[in-house]
Every structure is written in structure tokens, then in C-alpha cells.
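Keep the viewer open beside the text.

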Number of protein chains: 2
Amino acid sequence: MRAILHVCTTCRGIAADPLAPRPGAQLHAALAAGTVPEGVELRPVECLSACSQGCSVALSAPGKWSYVYGRLGPQDAPDILAGAASYAAAEDGLVPWRDRPAIFRKQSLARIPPTVSDESE
Amino acid sequence: MRAILHVCTTCRGIAADPLAPRPGAQLHAALAAGTVPEGVELRPVECLSACSQGCSVALSAPGKWSYVYGRLGPQDAPDILAGAASYAAAEDGLVPWRDRPAIFRKQSLARIPPTVSDESE
């Protein structure tokens, strides 16, 4: 199954104009306008509950660690897509530190282990 | 499959004494000493990458939204276990707002949608 790149489209970013188009939607548009890597599915979502750290995206796939990143903008789209490609290629989702884009090294908000349990193995 | 309550055991909390026992390990011990609800598995993890917002826990299960909570301590163990029980009972992991413990309403760091894709449905 493909890795999912979830993009919050309702994020206002930090101190954004409340009447302007949502920065989250602009980030999603920038990602959709780029080349989404093989093995990655771009998926919009309304709210990743990281509102104070927006714009935010998350990467997840069954059996892999999940990650949430924040303080992003449309200018980060190429790096986000490159990081998503590395994530999709990593069996457990754990990409070597040096191979992660700087925004993924510095702007991780949280990560969650895979939900595989002893029961289902 | 059961819901997993992941507890970061390496969390130092906010401004904790670096030489004292890790607050994350203390939180894990407080949770393990409580009554872990049916349908919930308590699982320690080294680092949820929410270090500046520790102590932190995460809830996840296949097919459900995942959540990460922060700024927690051993005194929150009963509320965390109650919130985990509600999460385990919610088919999609989305617990009605009024039924969430205050710490889950106010200290959510992020949430991630289920990774079910069109391919696997």
C-alpha cells in the first residue's frame, strides 16, 4: 500500500491574515502542482490538530512509523515531496537522519510507532 | 485489534532536572500501576519526537485516527486511562468532544487520519 501524505487544508499558518485564502489550502495546491513521487498518495484533510504549529502535514502507511511536521509553507513543497519519497521507500518509515530534508529534521511535531500488535503478527 | 497507548519513556518533561529519573518513565510507571482498560494495550516507546512538549503519549489503532498528547505528568494517569478507554470504544477513534478528558481537549499536539486507502478497501 502507498504512503499517504496528509495535508491540512484548513491550517492558517502562524499569524496569517484570517480573510486571505487558507495557507493550508495553498500548501496543498503547491504540493499537487509538483510531482508526487511514486508510492505516495497526496490526500487533503481538514485539521491535523496542530493549529498552533501550522501549516502541517503528516506521513503514514500501514506498518510504518507515522510523522507530523509543522511550520510549513508552499515554498517547502519540493522538500516535502522529496521527504515523502524517502519515507515511501523506507520499509519501516524510518529514514536515515542525513537523508531527511532539513524541514523534516527540524520541524517534526511528533511521530507514532506502527500499530502492529503481537496479536496480529 | 486493541488500541495502543504509546508512552514516551525518555521524555524529560518541561524544564526537568536532567539527573532525576526521566519523567516519561515515571508517567509510564503511573499508567502501568493504574487499571489499563479493556481493549487498550500500554506500550512504552523511546521518543515520540515531541520533546519540547513532553511528557507525551499517543493513541493509535488500525483503521482509526491517531492522536498525540503532550505536557503530561504522572498526575494525569487516571485521565489518560479514561481517555484511552473512550478511544478504544470509538469505532473510528473520534470521541465526542464533551466525552474527552480536559487534557485531551486542551493538550492535543496532533492527530493523523487512518491509513486506509482506496486500494485496500
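Is Cys55(A) buried or exposed?

Cys55(A) is buried, as its relative accessible area is 2%; buried means under 20% relative accessible area, exposed over 50% and partly exposed in between, with a 1.4 Å probe and protein chains only. Please keep in mind that this is a predicted model, in which local features need pLDDT of at least 70 and side-chain atom pairs count only at pLDDT 80 or more, while totals for chains, interfaces and linings use all residues. Residues are numbered from 1 along each chain as its sequence is written, chains are lettered from A and ligands numbered from 1 in the order in which they are written, and side-chain values use heavy atoms, with hydrogens and water left out.

To find Cys55(A), go to the loop between β2 (40-45) and β3 (57-60) of chain A. Helices (H or I, at least four residues) and strands (E, at least two) are DSSP runs, numbered from the N terminus. Setting aside residues up to four places away in sequence, Cys55(A) touches Cys11(A), Gly13(A), Pro23(A), Gly24(A), Leu27(A), Tyr69(A), Gly70(A), Arg71(A) and Leu72(A), where contact means heavy atoms within 4.5 Å. Lys106(A) is 51 residues from Cys55(A) along the chain, and their C-alpha atoms are separated by 14 Å.

## Chain A as a whole

Chain A has three helices and five strands. Read from the N terminus on, the order of its elements is β-α-β-β-β-α-α-β. Of the contacts in chain A between residues at least 6 apart in sequence, 68% join residues at least 24 apart.

How does chain A compare with a compact globule, and what is its radius of gyration? A compact globule of 121 residues would have a radius of gyration near 14 Å, and chain A agrees, because its value is 14 Å. This radius is taken over C-alpha atoms, and the globule rule is 2.2 Å times the number of residues to the power 0.38. Along the principal axes, the C-alpha atoms of chain A fill a box of roughly 50 × 30 × 25 Å. Buried residues account for 50% of the 121 residues in chain A. Its accessible surface is about 5,700 Å², with 52% belonging to carbon and sulfur atoms; such areas come from the Shrake-Rupley method with a 1.4 Å probe, and for residues only the protein chains shown count as cover.

Now turn to helix α2(B), residues 77-89. Its 13 residues should span 18 Å at 1.5 Å a residue, and the end C-alpha atoms are 19 Å apart, which agrees; the expected span is 1.5 Å times one less than the number of residues. In α2(B), the buried residues are Ala77(B), Ile80(B), Leu81(B), Gly83(B), Ala84(B) and Tyr87(B). Seen down the axis, the buried residues of α2(B) fall within an arc of 165 degrees, so they line one face of the helix; the arc is that of the directions from the helix axis to the C-beta atoms. Pro78(B) and Ala89(B) are exposed on the face turned away from that buried side. The cover over the buried residues of α2(B) includes β1 (3-8), α1 (23-33), β2 (40-45), β3 (57-60), β4 (66-69) and α3 (102-106) of chain B.

In α1(B), Pro23(B), Gly24(B), Leu27(B), His28(B) and Leu31(B) are buried. They cover an arc of only 145 degrees around the axis, which puts them on the same side of α1(B). These buried residues of α1(B) pack against β1, β2, β3 and α2 of chain B.

## Backbone details to look at

Most residues other than glycine have a negative phi, and most peptide bonds are trans. A cis peptide bond, with omega about 0 degrees, joins Gly54(A) and Cys55(A). In chain B, a cis peptide bond joins Gly54(B) and Cys55(B), again with omega about 0 degrees, and Cys55(B) lies in the loop between β2 and β3.

Cys47(A), a residue other than glycine, has a positive phi near 80 degrees and sits in the loop between β2 and β3 of chain A. Arg71(B) is not a glycine either, yet its phi is positive at about 60 degrees. Arg71(B) belongs to the loop between β4 and α2 of chain B and counts as partly exposed, at 37% relative accessibility.
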